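Subject: Structure handover

Hello,

Please find the structure we talked about below. My notes on it come after, and they can be read with the viewer open.

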Amino acid sequence: MKFRTDYVTNSSSSSYIFKEPDVDAIRKTVIEKAERHAREHPREVMFEGYFGKYLIRLEREGISEKEWHEIWHYMDAHKEEIKQAATDTHQVYMEWYVHKLDKILSGLRPLQEYQTYVIWELYDWYGNDFPEISIQGLDSYLAGGRKKTDDRVLAEQISSRALSEDALERFTGLLVMEFLDEDRYGNLDEDESQPGVEINCLTQEYLENVMLPQLNDRHSRFWIGYEGGITDTFVRTYGDSLPERLSHFIGRTLGEILETILGQVYLYFDDNETHYLFGDQFCSLPECIFGCNHMG
């Protein structure tokens, strides 16, 4: 496959994808870690706890993003003073932490319910794992310890025509995502005056007028960078059945196509970065498929 690493969002955000999440088990495990952290780092939790408690109150009253940042910068500049004045740090810190955790867990919902920009952000950040998941299936990928398989090995699996029907469906969905991703960026590599066209679902018109002609034309823009790779192997091996397989995706939204690859999964997404303790603990849970805080 070919995955773009430029033109991604510049905003900080956090995303955690869970498979059949046990909310009670996640909550218990994460709170236990927060308790340990509070005991082991009392000076650090002074600021986090009092700052967090203040924000909880403002959040309930209603606070704009601009006001939030102003408060953050002020309190960060007076961090040492706040630490010196703080008392009952452990209790205050845990009140803030549990409040934030419950807000996160209440926001878990099926991936396909999220907006288009969220789906594309996930695709930008986790896409390098999708070819392997498409071929092996998510359960096999996770059971294998998420170790990256050489692309040549994956290409051999495809060229042997040994893929199951489920794997063919997943990889065809990945091919659709790649096409829509290319059009999302348009010709920005060559001409910044020609932005991409964002398509939220596959249509009959797009399949007939864009996808199939470009798949059949080895000189088309789509093929730049794909020659000799996994996509090339897939199209050469299964090209005779591709029109029918691609037609199965007509009418499916981006979230539904991505769930074809991953199966039904649950996502928490925030435009801001989540506290690192949440991220560390979520990523250590077996239910968490992907998760990170990042500056996009």
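What follows is a short account of what was found, going from the whole chain to single residues.

The model is predicted. Its chain has 296 residues, of which 46% are buried. It holds 15 helices and four strands. Of the contacts with a separation of 6 or more, 81% are between residues 24 or more positions apart.

Cores

The largest nonpolar core has 52 residues. Phe130, Leu175, Met177, Met211, Leu258 and Phe290 have the most contacts inside this core. Helix α10 gives the most to it, with nine residues. Another core, of 21 residues, lies apart from the largest one, and Ile31, Tyr93, Met94 and Ile104 are among its members.

Aromatic rings

There are nine aromatic pairs in the structure. In one of them, Tyr126 and Phe290 are stacked, with 4.7 Å centre to centre and 10 degrees between the planes. Tyr126 lies in helix α6 (residues 116-126) and Phe290 in strand β4 (residues 288-295), so this pair ties together parts that are 164 residues apart in sequence. Are these two residues buried or exposed? Buried means under 20% relative accessible area. Tyr126 has 6% relative accessibility, so Tyr126 counts as buried. Phe290, at 7%, counts as buried too.

A second pair is formed by Phe171 and Phe234. Their ring centres are 4.5 Å apart and their planes are at 35 degrees, so the pair is tilted. Because Phe171 lies in helix α10 (residues 165-185) and Phe234 in helix α12 (residues 230-238), the pair ties together parts that are 63 residues apart in sequence. Both Phe171 and Phe234 are buried.

Tyr126 and Phe290 also belong to one aromatic cluster, together with Trp120, Tyr123 and Phe130.

Two arginines sit over rings. Arg109 lies over the face of Tyr114, 4.0 Å from the ring centre. Arg252 lies over the face of Phe249, at 4.1 Å from the ring centre.

Two helices

Which residues of helix α9 (residues 151-159) are buried? They are Leu154, Ala155 and Ile158. These three cover an arc of only 100 degrees around the axis, which means that they are on the same side of α9. An α-helix has 3.6 residues a turn, so residues three or four places apart point the same way. On the face of α9 turned away from the buried side are the exposed residues Arg152 and Glu156. The N-terminal end of α9 is capped by Asp150, with a side-chain oxygen 2.7 Å from the backbone nitrogen of Arg152. After α9 comes Arg161, whose phi is positive, near 55 degrees.

Helix α14 (residues 254-262) is mostly covered, with eight of its nine residues buried. The buried residues are Leu254, Gly255, Ile257, Leu258, Glu259, Thr260, Ile261 and Leu262. Leu258 was named above as one of the residues with the most contacts inside the largest core. Gly263 follows α14 and has a positive phi, near 85 degrees.

Regards

Methods: Residues are numbered from 1 along each chain as its sequence is written. This is a predicted model: local features need pLDDT of at least 70, side-chain atom pairs count only at pLDDT 80 or more; totals for chains, interfaces and linings use all residues. Side-chain values use heavy atoms; hydrogens and water are left out. Rings of Phe, Tyr and Trp (its six-membered ring) pair if their centres lie within 6.5 Å; planes under 30 degrees apart count as stacked, over 60 as edge-to-face and the rest as tilted. Buried means under 20% relative accessible area, exposed over 50%, partly exposed in between (1.4 Å probe, protein chains only). A charge sits over a ring if NZ of Lys or CZ of Arg is within 6 Å of the ring centre and within 35 degrees of the ring normal. The arc is that of the directions from the helix axis to the C-beta atoms. A polar contact is a pair of N or O atoms within 3.5 Å; within protein, one must be able to donate a hydrogen and the other to accept it, and residues adjacent in sequence count only if both atoms are side-chain atoms. A nonpolar core is a set of buried Ala, Val, Leu, Ile, Met, Phe, Trp, Tyr and Cys residues joined through side-chain atoms within 4.5 Å. Contact means heavy atoms within 4.5 Å.
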